Amino acid sequence: LSFPGDHAQHLDTERKWYYETLSLTLDNGATLSVVATFLRSAIGTKASSASSSPMDRQIFSTSIGITIQNMPGRADAHFAVPTTTFYPGSGGVTIANEPFEFRLGNSSFIGERDVFPLHSHIVAEHDAATGLPSITVDVNSEATNALFLQGENGYVGAKNTNHFYYYSWPNQKTSGAVTIDGKRYRARGVAWLDHQWGTGPTPPSGTAPLGWGGWSWFEFQFDADRALTLSIPHGALTDGKLPSAPLEGFGTYIDSGKATLLGAMMTVPLDAYVAGPTTGALYPTQWDLHTFDGPQLHVVAS
């Protein structure tokens, strides 16, 4: 990897995303948690669309979730912001590097040559059907911590399977404003930003094959600029639940700017699930996590 060059879009790969989490405390004591992912997927290749420009062979989309807690006069709630998709030829997409810019519609990440300091502008429009209020997040994140490489020197996976380049900025001091239904609040907290790009085998059909698996991913931002990220892959679900046997994965622990690659183990209590309100899919609500091959950490997360 070479920076700042690798902060760019990598239009020759199948997919990429910038993923940001914001953990913010508002000046009225409420907390706002934001997960905002800006995604790109290739819809053609140079071989299949030789007359098209690299940008014309892409499609972009946003995936945004917002949780509001402890807001006076408002019940705690989580909102999935409707996904918005953009084709560059139709407008709504701006990308640049040195300085960094990634703009999809009304939402954007705009930074400097090395991304941070970074301004995040996240917009969620009012949705009467779900009760989503209008929300605008306008915050600036400092270059508090340097990026660290995930996996083996920034590489996760194996050739001819899913494989990605992957690095992260943890615990970036953040401040700014959040506007909810027209009322503006001062906000302070921390940000985490991931950048991943790579490829994977083409699914044989539009439906999930037998043996479909996935992974659980965790991000912890501790005091004193310490951080932990864990990735736990898994095989097929049984009755909608993860395997009961311990699952093995990997992670990275950050302390004083030093990154240590860890092994990790996860178990999920069989009864620690909640059904999603729309599909009825089961989501685990409690995990028992152990790390090894480095600092020994034990986290029970709910």
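1. Let's start with glutamine 196, which counts as buried because its relative accessibility is 12% (buried means under 20% relative accessible area, exposed over 50%, partly exposed in between, with a 1.4 Å probe and protein chains only). Please keep in mind that this is a predicted model, where local features need pLDDT of at least 70, side-chain atom pairs count only at pLDDT 80 or more, and totals for chains, interfaces and linings use all residues. Residues are numbered from 1 along each chain as its sequence is written, and side-chain values use heavy atoms, leaving out hydrogens and water.

2. You will find glutamine 196 in strand β13, residues 183-199 (strands are DSSP runs of E, at least two residues, numbered from the N terminus). Its contacts (heavy atoms within 4.5 Å) include Lys16, Trp17, Tyr165 and Tyr166, leaving aside residues up to four places away in sequence.

3. Tyrosine 165 belongs to strand β12, residues 163-180. With a relative accessible area of 33%, tyrosine 165 is partly exposed.

4. The largest nonpolar core has 40 residues, and Leu26, Leu32, Ile66, Ile135, Val137 and Val178 touch the most other members (a nonpolar core is a set of buried Ala, Val, Leu, Ile, Met, Phe, Trp, Tyr and Cys residues joined through side-chain atoms within 4.5 Å). A second, separate core of 17 residues includes Phe220, Leu228, Tyr273 and Ala301.

Methods: Helices (H or I, at least four residues) and strands (E, at least two) are DSSP runs, numbered from the N terminus.
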